[in-house]
Amino acid sequence: MTYYIRAKSYYRYAWDLFKNLVQFKKTEEFQKKAKEVFNLGLKAIWAISYVNPPEKPPEFKELWEKAIETLEPEDLSEVEKIKNMIFSEKIVKEELIENLRKFLEIIKKVLKPIL
């Protein structure tokens, strides 16, 4: 059951950070926090597959691979699009905020049985 709690916690942390995202005026800060929201969402998916936490935090690659295994095909294409937006050079804040909202809704759908 602790892995459910971890998954829920990551999901809640991602939502809390997302709610405060508009506070970050500088593009660098905004992008850094957007990446954090994205990583926390991926960690929520990743956490449901590990009963015991590993000794070291997962790398982004491991988080991404677990998400790919878990997501529906239509959700995966949406999440890939959002990932590309977050890691791109040019960021449109309003568009990214809306897409992160969609991302968190996808995460919520994946975690629905435990939320």
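Reader: Where is the place of Thr 70?

Author: Thr 70 has its place in helix α3, which covers residues 60–70; helices here are DSSP runs of H or I with at least four residues, strands are runs of E with at least two, and both are numbered from the N terminus. Before going further, please note that this is a predicted model, in which local features need pLDDT of at least 70, side-chain atom pairs count only at pLDDT 80 or more, and totals for chains, interfaces and linings use all residues. Residues are numbered from 1 along each chain as its sequence is written, and side-chain values use heavy atoms, with hydrogens and water left out.

Reader: Is Thr 70 buried, exposed or partly exposed, and which residues does it touch?

Author: Buried means under 20% relative accessible area, exposed means over 50%, and partly exposed lies in between, with a 1.4 Å probe and protein chains only. Thr 70 counts as partly exposed, at 32% relative accessibility. Contact means heavy atoms within 4.5 Å, and, not counting residues up to four places away in sequence, Thr 70 touches Ile 45 and Val 110. Thr 70 and Ser 49 are 21 residues apart along the chain, and their C-alpha atoms are separated by 9.7 Å.

Reader: How is the packing of two helices described?

Author: Packed helices are described by two values, namely the angle between their axes and the distance between those axes. The axes are lines fitted to C-alpha atoms, for helices over the stretch in contact, and the angles run from 0 to 180 degrees between N-to-C directions. An angle under 35 degrees counts as roughly parallel, one over 145 as roughly antiparallel, one from 65 to 115 as roughly perpendicular, and the rest as oblique. In this model, helix α2 (residues 27–47) and helix α5 (residues 93–111) pack at an angle of about 10°, their axes being 10 Å apart, and α2 and α5 are therefore roughly parallel to each other.

Reader: Which residues make the contact of α2 with α5?

Author: On the α2 side the residues include Phe 30, Ala 34, Phe 38 and Leu 42, while those of α5 include Leu 96, Leu 100, Phe 103 and Ile 107. By class, this contact of α2 with α5 has 15 nonpolar, two polar and one charged residues, where Ala, Val, Leu, Ile, Met, Phe, Trp, Tyr, Cys and Pro count as nonpolar, Asp, Glu, Lys and Arg as charged, and the others, Gly among them, as polar.

Reader: How do the axes of α2 and α4 cross?

Author: The axes of α2 and helix α4 (residues 73–86) come within 10 Å and cross at roughly 155°, and the two helices are therefore roughly antiparallel to each other. The crossing in which α2 passes α4 is left-handed; a crossing is left-handed if the near helix is turned anticlockwise from the far one by less than a right angle, and right-handed if clockwise. Here Gln 31, Ala 34, Lys 35 and Phe 38 of α2 meet Val 79, Ile 82, Lys 83 and Ile 86 of α4, and by class this contact has five nonpolar, one polar and two charged residues.

Reader: At what angle do α4 and α5 pack?

Author: The angle between α4 and α5 is about 140°, with their axes 10 Å apart, and that makes α4 oblique to α5. The crossing of α4 past α5 is again a left-handed one. Among the α4 residues that meet α5 are Glu 78 and Lys 81, and among the α5 residues are Glu 95 and Lys 102; by class, the contact of α4 with α5 has eight nonpolar, one polar and six charged residues.

Reader: How many salt bridges does the structure hold?

Author: A salt bridge is a side-chain nitrogen of Lys or Arg within 4 Å of a carboxyl oxygen of Asp or Glu, and the structure holds six. One of them joins Lys 81 with Glu 78, whose closest N and O atoms are 3.5 Å apart. Lys 81 and Glu 78 are three residues apart in helix α4 and are separated by about one helical turn; Lys 81 is partly exposed, at 38% relative accessible area, and Glu 78 is partly exposed too, at 22%.

Reader: Where do Asp 16 and Lys 19 lie?

Author: Both lie in helix α1 (residues 2–19), three residues apart, about one turn of the helix, and their side chains meet in a salt bridge (4.0 Å, N to O). Asp 16 is partly exposed, with a relative accessible area of 40%, whereas Lys 19 is exposed, at 55%.
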